[in-house]
Amino acid sequence: MNRSQLINELATKTNLNKRDITTILDAFTEMVAEKTKAGDRVFIPGFGSFKPRLQTSRPARNPRNGDVIQLTPRTIVHFKCASLLIEKMNEK
């Protein structure tokens, strides 16, 4: 599912217009980015949590020429599913 499909689905289920859904989705994305950049964890009960994680420097290989390069350390956002979401996905 891509962004426009998500907006259409949410608009259908909530009876809100697409412009409002887009505003909410943009605000949510911006808020998660701000909070994780500040080092905070964003937890949504029943869905999961977004948490910043430091990725250390590590070697990698350039696929074009096979040269080994060193990747610089950086912060990534890690998402962990809530157990309730996993249970819902595995219901029969």
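Start by colouring the chain by confidence; this is a predicted model. Select helix α3, residues 83-89: confidence is lowest here, at a mean of 93. Now select strand β1, residues 42-44, where confidence is highest, at 97. Then take the protein chain as a whole. Its mean pLDDT is 95, and 100% of its residues reach 70 or more.

Next, go to arginine 3. This residue sits in helix α1, which covers residues 3-14.

Keep arginine 3 selected and show its surroundings. Leaving aside residues up to four places away in sequence, arginine 3 touches Thr22, Leu25 and Asp26. Pick leucine 25 from that group. Along the chain, leucine 25 and arginine 3 are 22 residues apart, and their C-alpha atoms are separated by 9.2 Å. Move on to aspartate 26. Its side chain makes a polar contact with the side chain of arginine 3, at 2.4 Å.

Now zoom out and colour by domain. Domain 1 spans 1-38 and domain 2 spans 40-91. Six residues from domain 1 and six residues from domain 2 take part in the contact. The C-alpha centres of the two domains lie 21 Å apart.

Last stop: the interface. What area is buried between domain 1 and domain 2? The value is about 540 Å², and carbon and sulfur atoms give 74% of it. Look for polar links between domain 1 and domain 2: one residue pair is in polar contact, while the count of salt bridges is zero.

Methods
Residues are numbered from 1 along each chain as its sequence is written. This is a predicted model: local features need pLDDT of at least 70, side-chain atom pairs count only at pLDDT 80 or more; totals for chains, interfaces and linings use all residues. Side-chain values use heavy atoms; hydrogens and water are left out. pLDDT is the predictor's confidence in each residue, from 0 to 100. Helices (H or I, at least four residues) and strands (E, at least two) are DSSP runs, numbered from the N terminus. Contact means heavy atoms within 4.5 Å. A polar contact is a pair of N or O atoms within 3.5 Å; within protein, one must be able to donate a hydrogen and the other to accept it, and residues adjacent in sequence count only if both atoms are side-chain atoms. Domain bounds come from an automatic or database domain assignment. Buried area is the accessible area (1.4 Å probe) that two parts lose on being put together, summed over both. A salt bridge is a side-chain nitrogen of Lys or Arg within 4 Å of a carboxyl oxygen of Asp or Glu.
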